[in-house]
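User: I would like to go through this structure with you. Could we start with one of the charged side chains and work outward?

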Amino acid sequence: MTQFPDDDKPLIEFLRQHRGHVPPSAPDLESHIMQAVASAPPQGRRKMWLLPSAIVASLLVTWAGYRVLVPNTASTASTNTAELEAFLATNWDSVVGETPPSSNSQEAETDWLLSEN
C-alpha cells in the first residue's frame, strides 16, 4: 500500500473520524434483483429492427446520391465519339480535297480545337 506523506496525517485522521457507515444489506436483495430482471422486458430486442433498417436506408441514400451526382458516362462517351467521328470525316474530306459544301478548313480547325478541350 502506498504510504502517504506526513503532511496528510491530519486529513487522514479527519476522514477516519467522519467516515460514513455502510448500511447493512438486505438478506433477500439478490432475489429481489433477480425477480426484477426476470420481469423486465428485454431492452435490446425492441431496437434491433433499427439496425438493418438504418443500413438499408443508408445504402439507398448512397446509391441515389451516386446516381444523381455522377454523370452518365455512356451518353457522354457516345456524344464524344459522334463528335470525333464527324471531325475525322470533315478533316479527311478536306485533306483528300472533297470538301463538303457546309464545311471549310477554318471550321475543321475549330472543331479540332474544341475536341482537344
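User: Arg16, then: buried or exposed?

Analyst: Arg16 counts as exposed, because its relative accessibility is 54%. Buried means under 20% relative accessible area, exposed over 50%, and partly exposed in between (1.4 Å probe, protein chains only). This is a predicted model, in which local features need pLDDT of at least 70 and side-chain atom pairs count only at pLDDT 80 or more, while totals for chains, interfaces and linings use all residues. Residues are numbered from 1 along each chain as its sequence is written, and side-chain values use heavy atoms, with hydrogens and water left out.

User: Which residue does Arg16 form a salt bridge with?

Analyst: The partner is Glu13, and the closest N and O atoms are 3.6 Å apart. A salt bridge here is a side-chain nitrogen of Lys or Arg within 4 Å of a carboxyl oxygen of Asp or Glu. Glu13 is partly exposed, at a relative accessible area of 41%.

User: How many salt bridges does the whole structure have?

Analyst: The search finds one.

User: Changing topic: which residues make the nonpolar surface patch?

Analyst: Leu29, Ile33, Met34 and Val37 make a patch of about 390 Å². Patches are made of residues with over 30% relative accessible area and no salt bridge; like charges are joined within 9 Å, nonpolar side chains (Val, Leu, Ile, Met, Phe, Trp, Tyr) within 5 Å. Leu29 lies in helix H2 (residues 29-39) and is partly exposed, because its relative accessibility is 43%.

User: And how many buried residues are there in H3?

Analyst: Zero among its 20 residues, so H3 is hardly covered. In the chain, 3% of the 117 residues count as buried.

User: What about the overall fold and confidence?

Analyst: The chain has five helices and zero strands. Its average pLDDT (the predictor's confidence in each residue, from 0 to 100) is 81. Mean confidence is highest in H2, at 92, and lowest in helix H5 (residues 105-116), at 64. Where pLDDT is low, the predicted coordinates should not be read in detail.

Notes
Areas by Shrake-Rupley, 256 points an atom, 1.4 Å probe, with all protein chains shown as cover. Helix = DSSP H or I, 4+ residues; strand = E, 2+ residues; numbered from the N terminus.
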